[in-house]
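User: I would like to learn how to read a few local features from a model. Please take them one at a time.

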Amino acid sequence: MVDTPVLEAIGVSRHFDVSRPWLQRALNREPRRFLRAVDNVSFAVPRGTTLSLVGESGCGKSTVARLSVGLYEPTSGDIRFEGQDLAAARADSRLRRKMNMIFQDPYASLNPRWRVRDIVAEPIRAFALLSGDAAITARVGELLTQVGLAPADGEKYPHEFSGGQRQRISIARALSSAPDFLVCDEPTSALDVSVQAQILNLMRDLQARLNLTYLFISHNLAVVRHMSDALGVMYLGRIVELGPAETIFARPLHPYTRLLLEAIPDIERVGTPRTPVGGEVPSPIAPPPGCPFHPRCPLANDRCRSEKPAHIHVEGVDVACHAVQEGRV
Ligand SMILES: Nc1ncnc2c1ncn2[C@@H]1O[C@H](COP(=O)(O)OP(=O)(O)O)[C@@H](O)[C@H]1O
Ligand code: SF4
Ligand SMILES: [Mg+2]
């Protein structure tokens, strides 16, 4: 029997109502306006693996992250956590403690007035996982050690740490409820290049040691290169290419994936891209007709400008592009 994925999204969309106030709409006879932040997205994350989602700012990555831990509800589609409807899983505290999220800015997500030991212990107390101060202190010390800090660091406040150390504290806190599944939304994007590498290595170590499942989100393909089992490339709310990371890095099919890969400076550096993909990302309120990537695509033709490409399978990779389907790539 095939194992149930830890997380599964089936045709998930999330729209935001960005209409102007009612009176202005009524006076100008304007319809409501919806922004399709996430548009019919499907993926699965098997246990103990990492699915990375990449794409430029505004393509819907953080919205997928929030949907995946139940911070947003889908407008349509289903999300399952360990085979159960996510909303039902969230209602059960035994399942809710199994999922957690790590954010980009470790300073904003750590309460500056709390000592680190209380920040890390908060989920343990909230879920009543341990009782007694001695047991909680011992567990917090263990968690801090696990992320490369010292138990004595628990006495300090977040501002006494560097950015990388603060992200280690966020990771200790995320691990304190003994989760199976972590959603990591640009966890290293605010850090210096050398520190990014240390945090990525730590996350990989922890994954192997604790059999964690990651949904890892980044705008930078170089960052996810050594992290990912599977890779999804997002553009304007859709996943345009999805498959084994190794295959996509070796043989990118979608023209957008190709442009993102060409922009990586070199494999070992996770700095700023060499040549960012040309052109602006269109507004998701009024996406271009046909293939939403056509205004920026070097391979666009008339069909691309009028017909939305369907997802097709090419040797284990799911891709939405007419040029691939027509054999023009
Ligand atoms: N709460 C919200 N209300 C309205 N629009 C939103 C909201 N959250 C995100 N968006 C819009 O949805 C799109 C995707 O945003 P986001 O998921 O944050 O992208 P990313 O993380 O890839 O930068 C953007 O156009 C953004 O402006
Ligand atoms: S469908 Fe056409 S416009 Fe879209 S990515 Fe493929 S070739 Fe480019
Ligand atoms: Mg984001």
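Analyst: Leaving aside residues up to four places away in sequence, R14 touches L35, R36, A37, V38, T63, L67, Y72, E73 and T75, where contact means heavy atoms within 4.5 Å. The model is predicted: local features need pLDDT of at least 70, side-chain atom pairs count only at pLDDT 80 or more, and totals for chains, interfaces and linings use all residues. Residues are numbered from 1 along each chain as written, chains are lettered from A and ligands numbered from 1 in the order written, and side-chain values use heavy atoms, without hydrogens and water.

User: Where is R14 found, and which side chain of opposite charge is nearest?

Analyst: A salt bridge needs a side-chain nitrogen of Lys or Arg within 4 Å of a carboxyl oxygen of Asp or Glu. Lys and Arg count as positive, Asp and Glu as negative; His and the chain ends are not counted. Buried means under 20% relative accessible area, exposed over 50%, partly exposed in between (1.4 Å probe, protein chains only). R14, in strand β1 (residues 7-17), is buried yet has no salt bridge, and the nearest opposite charge, E73, is 6.8 Å away.

User: Which way do the residues of strand β6 point?

Analyst: Strands (E, at least two residues) and helices (H or I, at least four) are DSSP runs, numbered from the N terminus. In β6 (residues 99-102), M99 and M101 point one way, N100 and I102 the other, and all are buried.

User: Which residues of α6 are buried?

Analyst: In helix α6 (residues 133-146), they are I136, V140, G141, L143, L144 and Q146. Their cover includes α5 (116-126), α7 (163-175) and α8 (193-210). Just after α6, G148 takes a positive phi of about 85 degrees.

Methods
Expected span 1.5 Å × (residues − 1).
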